[in-house]
Amino acid sequence: MENNNIVDKRGKKSKKIEEILKNKKFQIIFAVVVLFVVVVAYVGYVNVKDKDKQVTLSDGKELTTQIQDVIGKIKGVGDVKVLIVYDGGEQIEIAHKTDKRTDRVEDDGRVTETIEETTTPIFTNGNEPLIIGTKRAKIDGIVVVAQGGDNPKVRVDIMQALSTLLKIEFNCIKVFGME
């Protein structure tokens with residue numbers, strides 16, 4: 001018999017391959033790789049299918065409504081209510097200029113330097129401050145109450161969706177079943 005490590009002449013698996021296939025570590029690693037490939041394929045399929053639909057998230061009640069709409073469409077979720085807790089409010093960035101002035105005083109060999117910085121806002125023609133951007137308030141946590149929230153798979157699906165949509169950690173999301 002030649003090349004006994006792979007297949008014998010009758011086309012049967014060798015003992016070495018059987019040992020590898022029975023190895024628990026190999027089975028776990030193989031299952032994880034298959035699961036990863038399935039998830040990547042599914043995400044690619046969903047992205048191609050919904051290519052023309054783009055969700056833009058805004059703040060406040062509109063964001064809550066958008067999240068409820070999206071989460072409610074996940075298989076097994078059912079009716080859903082969402083509460084978002086923010087850390088502070090929206091921050092507005094105003095354009096400003098900084099002036100720096102340095103005073104230097106020499107007295108009997110001692111040198112004292114005083115640096116003074118002043119920041120003044122830049123105004124538009126309408127005497128309004130020039131806004132260069134806004135930052136959405138940081139989300140501290142989200143509570144989701146859903147009909148399917150008692151199901152562990154649905155709970156994980158909701159947490160993954162929220163984590164992806166809002167770029168927050170899993171520990172900031174709590175999902176509960178609805179009465």
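**View 1. Arg101 and Glu116 join their side chains in a salt bridge, 3.4 Å from N to O.** Arg101 belongs to strand S3 (residues 96-107) and Glu116 to strand S4 (residues 110-121), so this pair ties together parts that lie 15 residues apart in sequence. Please keep in mind that this is a predicted model. How exposed are the two partners? Arg101 is partly exposed, with a relative accessible area of 46%, and Glu116 is partly exposed too, at 38%. Look for Asp103 here as well: Arg101, Asp103 and Glu116 are linked in a network of salt bridges.

**View 2. Arg104 and Glu106 meet through their side chains in a salt bridge of 3.8 Å, N to O.** Both residues count as exposed: Arg104 has a relative accessibility of 53%, and Glu106 has a relative accessible area of 62%.

**View 3. Within helix H4, Lys153 forms a salt bridge with Asp157.** The closest N and O atoms of this pair are 2.9 Å apart. Lys153 and Asp157 sit four residues from each other, about one turn of the helix. Lys153 is exposed, with a relative accessible area of 57%. If you are keeping a tally, a search of the whole structure finds five salt bridges.

**View 4. Three strands form an open sheet in the order S1-S6-S7, with mixed pairing.** Strands S1 (80-87) and S7 (173-177) stand at the edges with a single partner strand each, so one side of each has no neighbour in the sheet. From one strand to the next, the twist averages 15 degrees. Strands of a sheet pair through backbone hydrogen bonds, in either the parallel or the antiparallel sense.

**View 5. S1 and S6 pair in the antiparallel sense over eight bridges.** To find your bearings, start with Ile84, which stands opposite Ile142 in S6.

**View 6. Strand S6 (residues 138-146) and S7 pair in the parallel sense over five bridges.** Which residue of S7 is the bridge partner of Val143? That partner is Lys174. Now follow the chain through helix H4 (residues 152-166): together, S6, H4 and S7 make a right-handed β-α-β unit.

Terms used: Residues numbered from 1 in each chain as written. Predicted model: local features only at pLDDT ≥ 70, side-chain atom pairs only at ≥ 80, totals over all residues. Heavy atoms only, no water. Pairing = 2+ DSSP bridges. Helix = DSSP H or I, 4+ residues; strand = E, 2+ residues; numbered from the N terminus. Axes fitted to C-alpha atoms, helices over the stretch in contact; angles between N-to-C directions. Right-handed = clockwise from strand over helix to strand, strands pointing away. Salt bridge = Lys/Arg side-chain N within 4 Å of Asp/Glu carboxyl O. Buried < 20%, exposed > 50% of the residue type's maximum accessible area, 1.4 Å probe, protein only.
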